[in-house]
Amino acid sequence: MKQLFRSLPAVNACLNALDTRLPVSREAPRSLVRHLVNGFLDAQRCRIQEGAVTDPAQLALPGCLPALQDFVDEGLRPRLRSVLNATGVVIHTNMGRSVLAEAAREAVARAAAGYTNLEIDLSTGERGSRHSLVEELLCMVTGAEAGLVVNNNAAAVLLMLDSLCKGGEVIVSRSQLVEIGGSFRIPDVMERSGATLREVGTTNRCHLHDYRRAIGETTKALLRVHSSNYRIIGFFKEVSLPELLQLGREHGLPVIEDLGSGNLIDFSPFGLPGEPTVQSVVAAGVDLVSFSGDKALGGPQAGIIAGRRVYVEQLRANPLHRALRIDKLTLAALEATLRLYLDPQTALAQIPTAAMLSQPPIMLMRRARSLATRLRRALAQTVQISIAKNVSRVGGGAFPEYDLPTSLVCLRPATCSVEDLKRLLLRTSPPLIGRLEDGAFCLDPRTLSDKELPLVVRVVQQALRQEKGTP
């Protein structure tokens with residue numbers, strides 16, 4: 001064992017060899033490369049102690065250099081990477097939700113490249129408000145009197161309740177006490193805001209008289225919460241927004257709507273159910289409505305609040321607002337995205353989320369055939385390739401349990417299992433993430449752009465070469 005330990009190369013020898021064989025190591029911070037080399041050598045020492053290696057030649061620099069290169073190369077890659085989404089889930093929370101429009105990406109790049117007028121009023125040269133940069137656009141798109149943006153929709157709900165309901169009761173239907181991803185629960189947010197939750201109705205049925213009986217001296221607001229990623233069907237009833245608004249007006253109480261994944265476009269013509277748009281909720285007279293920026297809207301992560309100016313100003317004056325505010329990059333992306341919504345047809349064409357959700361099945365079949373043809377040419381007989389009709393999902397808590405028809409490209413490799421192919425594709429550059437269906441690794445063209453199709457072919461080839469052990 002001592003001989004094996006002595007066979008390990010010195011750190012400086014490893015660094016010199018990497019400088020010659022791995023150009024990226026010369027560009028990286030030296031301390032990071034040294035840290036990775038030490039990590040690799042520590043792993044080799046563990047293998048010696050476990051008896052996993054007995055040949056000194058495997059430990060000497062010539063023998064271990066290929067493995068060292070791979071280890072260092074992997075360690076130098078950014079932790080946050082681009083991936084190819086072939087799952088068909090459009091708003092994929094685990095992959096960063098919505099893809100930004102080109103105009104939004106360009107706006108972020110401009111804002112990041114230098115100083116901006118983030119909080120300077122260019123008409124006076126004095127200090128201004130960052131929220132004025134998007135508030136007018138937000139009001140134009142939604143029809144609201146005023147608007148405010150914070151860092152996500154959970155923060156928006158927290159700010160609304162803390163500003164308007166602290167120390168009092170908020171009435172909400174039991175059927176709307178949702179928990180969404182990451183264990184985010186409406187009751188927990190209400191507790192943090194200092195408001196007391198007053199549940200009314202039952203799990204599946206709530207009537208206007210339930211709200212009416214619950215209103216008391218400490219009632220501060222009436223709250224509606226979108227069901228997000230679940231749906232109640234069957235023997236079910238809830239109070240409509242107009243009914244709740246009328247009740248609120250009778251008692252001088254604001255009505256707050258947490259719309260979750262707020263739509264600025266009606267997607268029912270594209271096969272999805274009719275969901276209330278932000279514009280329709282505002283037009284109905286809701287006092288405040290909040291929704292996400294990075295879900296159906298297709299913009300950056302943000303919690304957007306729109307509604308009556310008297311209430312928005314109370315939110316703006318809350319000290320908590322500063323802790324929840326957004327930065328210049330988010331503002332840049334959101335402004336560019338909202339501009340596209342001034343023309344709904346432009347939004348459908350240029351905002352990737354909207355474009356993916358509105359793709360007709362015949363177009364997806366054509367793209368699936370195109371991808372299948374490319375793969376057959378590149379992979380010859382090593383993979384069986386077929387096309388199957390299936391469904392995509394919206395994701396992100398939007399339109400739960402509703403499917404969009406699509407066509408999948410199904411891969412069944414001859415030299416490995418589909419589970420092995422899935423694992424290998426997670427290690428390609430970039431990683432390709434698909435789904436397993438009926439014994440095949442499936443690619444949904446809905447969530448792949450035309451520019452990404454050649455890249456899909458290349459990474460599948462790369463994965464199969466890795467499976468064979470060839471470079």
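I take a contact to mean heavy atoms within 4.5 Å. The model I am reading is a predicted one.

**Entry: leucine 272**

I started with the neighbours of leucine 272. Leaving aside residues up to four places away in sequence, I found that leucine 272 touches Phe267, Val394, Phe399, Tyr402 and Leu404. I placed leucine 272 in the loop between strand S9 (255–258) and helix H13 (278–284). Is leucine 272 buried or exposed? It is buried, because its relative accessible area is 4% and the limit for buried is under 20%.

**Entry: aromatic pairs**

How many aromatic pairs does a search of the whole structure find? It finds two. One of them I looked at in detail: phenylalanine 267 and phenylalanine 270 have ring centres 6.4 Å apart. Their planes stand at 55°, so I noted the pair as tilted. The cut-off for edge-to-face is over 60 degrees. I then checked the cover on each partner. Phenylalanine 267 is buried at 1% relative accessible area. Phenylalanine 270, at 30%, counts as partly exposed.

**Entry: cysteines**

A disulfide is a covalent bond between the sulfur atoms of two cysteines. How many disulfides does the count give? The count comes to zero. I followed up cysteine 206. Its closest cysteine sulfur belongs to cysteine 165 and is 17 Å away. The rule asks for sulfur atoms within 2.5 Å, so 17 Å is too far for a bond. Cysteine 206 is buried, with a relative accessibility of 1%. Cysteine 139 is buried too, at 17%.

**Entry: backbone**

Which residues does a cis peptide bond join? It joins serine 429 and proline 430, and I read omega as about 0°. Proline 430 sits in the loop between helix H20 (418–425) and strand S14 (432–433).

Then I noted positive phi values. Arginine 97 is not a glycine, yet its phi is near 60°. I found arginine 97 in the loop between strand S2 (89–91) and helix H7 (102–113). It counts as partly exposed, at 23% relative accessibility.

Aspartate 438 is no glycine either, and its phi is positive at about 50°. Its loop runs between strand S15 (435–437) and strand S16 (440–443). Is aspartate 438 buried or exposed? I have it as exposed, with a relative accessible area of 69%.

**Entry: the chain as a whole**

The protein chain holds 21 helices and 16 strands. Along the principal axes, its C-alpha atoms fill a box of roughly 85 × 50 × 50 Å. Of its 471 residues, 49% are buried. I got about 22,500 Å² for the accessible surface, and 51% of that belongs to carbon and sulfur atoms.

What share of contacts between residues at least 6 apart in sequence join residues at least 24 apart? I noted 74%. For charges, I counted 55 positive and 47 negative side chains. The centres of the two sets lie 6 Å apart.

Methods:
Residues numbered from 1 in each chain as written. Predicted model: local features only at pLDDT ≥ 70, side-chain atom pairs only at ≥ 80, totals over all residues. Heavy atoms only, no water. Buried < 20%, exposed > 50% of the residue type's maximum accessible area, 1.4 Å probe, protein only. Phe/Tyr/Trp six-rings, centres within 6.5 Å; stacked < 30°, edge-to-face > 60°. Helix = DSSP H or I, 4+ residues; strand = E, 2+ residues; numbered from the N terminus. Areas by Shrake-Rupley, 256 points an atom, 1.4 Å probe, with all protein chains shown as cover. Lys, Arg positive; Asp, Glu negative; His and termini not counted. Charge placed at Lys NZ, Arg CZ, Asp CG, Glu CD.
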